[in-house]
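Please read it with the model open.

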Amino acid sequence: GSSNDKYYDYIVVGSGPGGGPLASNLARAGHSVLLVEAGDNQNDNINSEIVSFFGFAYTDPTLRWDFFARNFANETRNLQHNHLTWRRPDGSFYVGRDPPVDSTLLGIHYPRGGTLGGSSAVNAMSTVYPSESDWQNVVDLTGDATWSPAHMREIFVRVENNHYLTPGTPGHGFNGYLDTIMSNETVWTGQDDLLTVLGTLSEHLGQNPADITANLLSDPNALNPTRDQAQGVFGCPQHANAGWRRFSSRDYILETANALGANGQKKYQLTVQLNTLVTKVLFTDVNHPRKTPRAEGVEFLQGQSVYSADPRHTASNQGTVGRAYARKEVILSGGTFNSPQLLKLSGIGPAAELAQFNIDLVVDLPGVGTNLQDNYEVPVVGHAARDFQQPPPDPNAPVCTYGAPGDPCVDLWRQGQGPYTAGAALNSIFRKTAYAAYDERDFFLVGGMFALRGFWPPTDSVPADPPNMFGLSTVKINPQSRSGTVLLRSGDPRDTPEINFHLFEENNAGTELDLNAELDTVKWARRLFADVPAPLGPIVPTEPPCPGTPAADGTCNDETDKEWIRNQIFGHHPTSTCAIGADSNPMAVLDSKFRVRGVRGLRVVDASSFPRVPGPFPVLPTFMLSEKATESVLEDANLW
Ligand SMILES: Cc1cc2nc3c(=O)[nH]c(=O)nc-3n(C[C@H](O)[C@H](O)[C@H](O)COP(=O)(O)OP(=O)(O)OC[C@H]3O[C@@H](n4cnc5c(N)ncnc54)[C@H](O)[C@@H]3O)c2cc1C
């Protein structure tokens with residue numbers, strides 16, 4: 001290399017929950033680490049700091065990356081989705097079924113965090129422990145017993161800094177870096193209408209409606225041998241500190257990078273290089289007669305908004321080429337869409353696809369960019385017999401303006417006071433259907449005066465819901481549709497990949513189970529809507545649409561309902577495109593130590609590494625994965 005080249009022990013690409021903690025841990029273990037992140041540091045951006053500003057975080061152009069996906073190969077079916085995003089001729093976004101003429105279809109919006117902290121800096125912060133079977137599955141696939149559920153719980157205890165339970169509570173940690181918090185009873189004060197609906201709902205899961213408030217304060221992440229069977233209502237922990245400031249991997253990275261030793265010098269050798277898009281991994285020993293190719297560094301483009309998913313990107317954001325070298329290893333943590341793209345751009349992937357874009361082959365690894373999955377969801381929405389009553393406003397309370405200049409509530413929040421220091425009336429509801437794939441709970445639900453129908457960038461085209469609306473998100477646990485793909489669109493690293501979930505296209509017993517499970521949950525929701533007592537109830541179901549009145553068992557028309565589910569389904573937890581798998585499986589991209597097959601010195605550690613979607617929410621499992629990978633990387637530290 002040239003005299004400007006930089007050398008480090010490790011190079012980590014991407015600062016989300018996969019890469020951020022790993023880079024920090026390796027530096028803390030005494031190694032020199034370069035952490036490369038395409039975005040910048042928005043640590044002081046209130047949209048990313050204040051928990052209740054979540055909706056502003058993932059729509060903020062300084063924080064987000066826009067990906068647009070398809071659900072199906074069949075474009076006619078794709079066009080049935082009610083919340084597709086289009087670009088109007090004037091450049092603005094349109095979301096809906098009836099775009100102005102000459103609009104361009106972009107697809108189903110999949111926002112990601114393109115900033116220091118990755119998607120943990122923009123997500124909804126729901127922090128839910130996965131099923132034990134998700135860890136056991138890795139043991140079963142690979143024979144590596146270090147993935148045992150018991151060891152993974154030890155990892156969780158090590159990293160968690162719990163702010164909502166009594167210190168010492170088994171199965172939880174109180175000294176780690178990952179802050180967790182859960183709303184207390186104050187958020188339910190005066191919410192009698194919501195409590196009525198959730199009480200009726202809990203009764204439909206075998207709980208006593210009189211216990212609803214206590215259940216809403218109960219811990220869904222408790223260490224409990226029967227946890228993965230337990231149906232009912234719980235609270236919803238979030239990754240945030242006791243003052244309701246978001247915790248993300250950014251915090252642990254900054255704490256590590258800024259730590260000073262006794263001599264006033266930087267304590268750890270962690271270098272964070274922002275505004276830098278890694279474009280390929282560099283290898284030595286490619287096509288060597290005896291040696292296996294070894295990752296020796298990365299090439300990148302330095303400059304702001306170089307990646308075209310960045311909403312601020314324009315043709316002039318080209319970036320300047322540079323390189324950095326690793327004495328030990330390169331670790332990719334770009335997330336489910338970017339890690340497979342980067343592997344392919346580096347010559348690791350399906351040979352035919354790489355040939356199509358004239359990329360020199362390093363290893364023919366057909367699994368890269370396959371096996372894409374998601375916790376898909378469709379809301380069940382209804383209208384109550386009257387508007388939901390809200391607690392009367394406190395006449396002495398400050399008037400919050402959601403971050404407008406001079407918002408008094410932001411100042412109060414900085415002092416640990418005021419409305420923004422409270423969580424939301426969130427809940428975790430678990431249900432097991434007769435169509436569960438693994439004989440354990442197969443739905444995570446959250447209910448409230450909102451309906452999550454998908455994601456879209458800021459737009460003026462989506463109408464608001466009326467104040468008598470109740471929505472129930474139905475998030476699939478253990479989804480069986482697993483044939484989604486992340487394909488190169490071009491050989492230009494600034495381009496986003498082509499993402500298609502190919503939902504239910506396997507057309508096998510598993511995907512049929514999922515559709516039946518969704519239908520079963522829709523019918524169950526209609527039954528409980530009907531049982532909500534007057535004067536608030538009954539709640540009339542509006543989505544999926546049911547002309548007339550549903551039968552007593554919640555049936556409207558099974559075929560129409562299934563069509564609606566297929567067409568309106570969406571997700572935001574994509575995983576598994578660089579999956580860990582058995583040595584004998586040609587589609588496995590990684591071994592159980594996150595090593596990319598067929599090369600040396602290269603691992604992938606992020607949500608793409610999971611062989612299957614973990615639980616209902618990937619962020620906590622991804623933080624745990626980063627710790628698991630720290631153990632694997634440090635075990636090999638003396639190899640090099
Ligand atoms: C709107 C939204 C809401 C969500 N809500 C929840 C929730 O409530 N609970 C939950 O569990 N999960 C939630 N998630 C999902 C969760 O945040 C992600 O699964 C998780 O952050 C994935 O971690 P990761 O490390 O794999 O990738 P990411 O967190 O996406 O991080 C990848 C990072 O790599 C960087 N990068 C990518 N490519 C390159 C490159 N070539 N060069 C340099 N840098 C690169 C990106 O800029 C990004 O910072 C949500 C996600 C979104 C977007």
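## Shell around the ligand

By class, the shell around the ligand holds 17 nonpolar, 21 polar and three charged residues, where Ala, Val, Leu, Ile, Met, Phe, Trp, Tyr, Cys and Pro count as nonpolar, Asp, Glu, Lys and Arg as charged, and the others, Gly among them, as polar. The model is a predicted one, in which local features need pLDDT of at least 70 and side-chain atom pairs count only at pLDDT 80 or more, while totals for chains, interfaces and linings use all residues. Residues are numbered from 1 along each chain as its sequence is written.

In total 41 residues surround the ligand, the closest being Gly 14, Gly 16, Gly 118, Gly 334 and Val 619; a residue is near a molecule if its C-beta atom, placed from the backbone, lies within 6 Å of it. The elements that give two or more residues to this shell are β6 (104-113), β11, α10 (338-345) and α15 (619-635), with helices (H or I, at least four residues) and strands (E, at least two) taken as DSSP runs numbered from the N terminus.

## Contact of α1 with α15

Helix α1 (residues 19-28) packs against α15 at an angle of about 35°, with the axes 8 Å apart; axes are lines fitted to C-alpha atoms, for helices over the stretch in contact, and angles run from 0 to 180 degrees between N-to-C directions. On the α1 side the contact is made by Pro 21, Leu 22, Asn 25 and Leu 26, which meet Phe 623, Ser 626, Glu 627, Ala 629, Thr 630 and Val 633 of α15, contact meaning C-beta atoms, placed from the backbone, within 7 Å. These residues divide into six nonpolar, three polar and one charged.

## Strand pairing

Strand β11 (residues 276-284) pairs with β12 (residues 294-302) in the antiparallel sense over eight bridges, pairing being assigned if DSSP finds at least two bridges between two strands. Within this pair, Phe 283 has Ala 295 of β12 as its bridge partner. Six bridges join β12 in turn to β13 (residues 320-332), again antiparallel, and here Glu 299 stands opposite Arg 323.

An open sheet of six strands has the order β5-β4-β6-β3-β21-β20, with mixed pairing. Because β5 (93-95) and β20 (485-487) stand at its edges, each with a single partner strand, one side of each is left without a neighbour in the sheet. Neighbouring strands of this sheet are turned by 45° against each other on average, direction ignored.

Key. Two residues are in contact if their C-beta atoms, placed from the backbone, lie within 7 Å.
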